[in-house]
Amino acid sequence: LLQRLIAFISISFCRVMGLLPLPVCRAIGRALGIVAFALVPRVRRVALDNLRKAYGDSLSEREIHAIARGAAINVGIVAAEFAHLPRLAPENVARWVTIEGTEYLNRERPGFMLAAHLGNWEWMATVLMNLGFSVAEVVRPLDAPALNAYVDRIRTSRGVRTIDKTGGGQEMLRLLKEGWIVGVLADQSPRESAVPVTFFGRPCWATVAPAMVALRQKMPIVVVTMTRDAHGHYTLRISPPVSVERTGDFRADIVAITQRCQDLLEQHVRAHPEQWLWLHRRWKARPRLEEEWANKQRG
């Protein structure tokens, strides 16, 4: 019953946002973020805890609170802008988004688009579609079926394909070999198929799939971000391909490549910390992953 209620409210919210001009949606999203940060203790607690872990004593409590509040506002704006995704067409996308670094994408073999929950991550795949690429994104289905179906319909409205992260490995490989860009949000704490890395100097886990495919299939990896300026205009930035070195030690190479990816994502987050999803427990302990990794090291 609770899932149905959440789905109804969320879908109704999106439909209303779709009827309003984008500046009005952004103002509403900003207000919702401010209210959530003020009234939902968990939102505030998790964000502040993560920021203290990441920055230590290098930032004052006032600065940390300002970034955490900004992160909550960013989530509100992303949610409010989501219904406008189907309007990102080739003839008008430049009105909202500037694109940099397209020369780093190989049209014959574009490979992985590695991204973070930074700025408006929901728009990125559709913006790339407008450049003439075939784009798929790896997603985790939402718990409420009705809401998941609605969100998927919006995400795929301009031709983007979605891949369920659970059991979607074969489809992902097939699309990569066919010349698709496959987007992966790699800044959260995975529950499986991960290797130990550091993020903001603290140990955590990161998904292994991009590095593994890059080594085995010789697919490039590019880090892509889309951040908002003070006027509400976005810049989508495509990085040069991540360095993929083969030393003969496959496991060590996997860890090294994954760490390079995390370092690049960290650089972008540090440049725009108020637009990153500090509300997620990035440094959450994963005892099962720790045990599995220890067994691999012994083996």
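Student: Which residues line the largest cavity?

Tutor: Let us begin with the general idea. Rolling a probe the size of a water molecule over the atoms shows where empty space is left. The model before us is predicted. Its largest cavity is lined by Leu114, Ala186, Ala206, Thr207, Pro210, Thr258, Cys261 and Gln262. Two elements, β7 (202-207) and α9 (250-271), each give two or more residues to this lining.

Student: Which element gives the most to the lining of the largest cavity?

Tutor: That element is α9, with 3 residues.

Student: What is the volume of the largest cavity, and how many cavities of 30 Å³ or more are there?

Tutor: The volume of the largest cavity is about 40 Å³. The count of cavities of 30 Å³ or more comes to 1.

Student: How does the lining of the largest cavity divide by class?

Tutor: There are 5 nonpolar and 3 polar residues in the lining, and no charged ones.

Student: Let us turn to the helices. At what angle do α3 and α4 cross?

Tutor: The axes of α3 (residues 41-55) and α4 come within 9 Å and cross at roughly 125°. That angle makes α3 oblique to α4, because it falls between the limit of 115 for roughly perpendicular and that of 145 for roughly antiparallel. The crossing of α3 and α4 is right-handed.

Student: Which residues make the contact between α3 and α4?

Tutor: From α3 come Val43, Ala47, Leu48, Leu51 and Arg52, and from α4 come Glu61, Ile64, His65, Ile67, Ala68 and Ala72. These residues comprise 8 nonpolar, 1 polar and 2 charged.

Student: How do α8 and α9 cross?

Tutor: The axes of α8 (residues 209-217) and α9 come within 8 Å, with a crossing angle of roughly 125°. The two helices are therefore oblique to each other, and their crossing is right-handed. The contact is made by Ala211, Met212, Leu215 and Arg216 of α8, together with Phe250, Asp253, Ile254, Ile257 and Thr258 of α9. By class, the contact has 6 nonpolar, 1 polar and 2 charged residues. Thr258 is also one of the residues that line the largest cavity.

Student: At what angle does α7 pack with α8?

Tutor: Helix α7 (residues 169-177) packs with α8 at about 50°, and their axes are 12 Å apart. These helices are therefore oblique to each other. The crossing of α7 and α8 is right-handed. Met172, Leu173, Leu176 and Lys177 of α7 make the contact with Ala209, Val213 and Gln217 of α8. The contact of α7 with α8 has 5 nonpolar residues, 1 polar and 1 charged.

Conventions. Residues numbered from 1 in each chain as written. Predicted model: local features only at pLDDT ≥ 70, side-chain atom pairs only at ≥ 80, totals over all residues. Heavy atoms only, no water. 1 Å grid on protein atoms, 1.4 Å probe; cavity = no way out; pocket = protein on both sides within 12 Å on 5 of 7 lines; lining within 4 Å. Points joined across faces, edges and corners; volume = space filled by probe spheres on them. Helix = DSSP H or I, 4+ residues; strand = E, 2+ residues; numbered from the N terminus. Nonpolar A, V, L, I, M, F, W, Y, C, P; charged D, E, K, R; others polar. Axes fitted to C-alpha atoms, helices over the stretch in contact; angles between N-to-C directions. Parallel < 35°, antiparallel > 145°, perpendicular 65-115°, else oblique. Left-handed = near helix turned anticlockwise from the far one by under 90°. Contact = heavy atoms within 4.5 Å.
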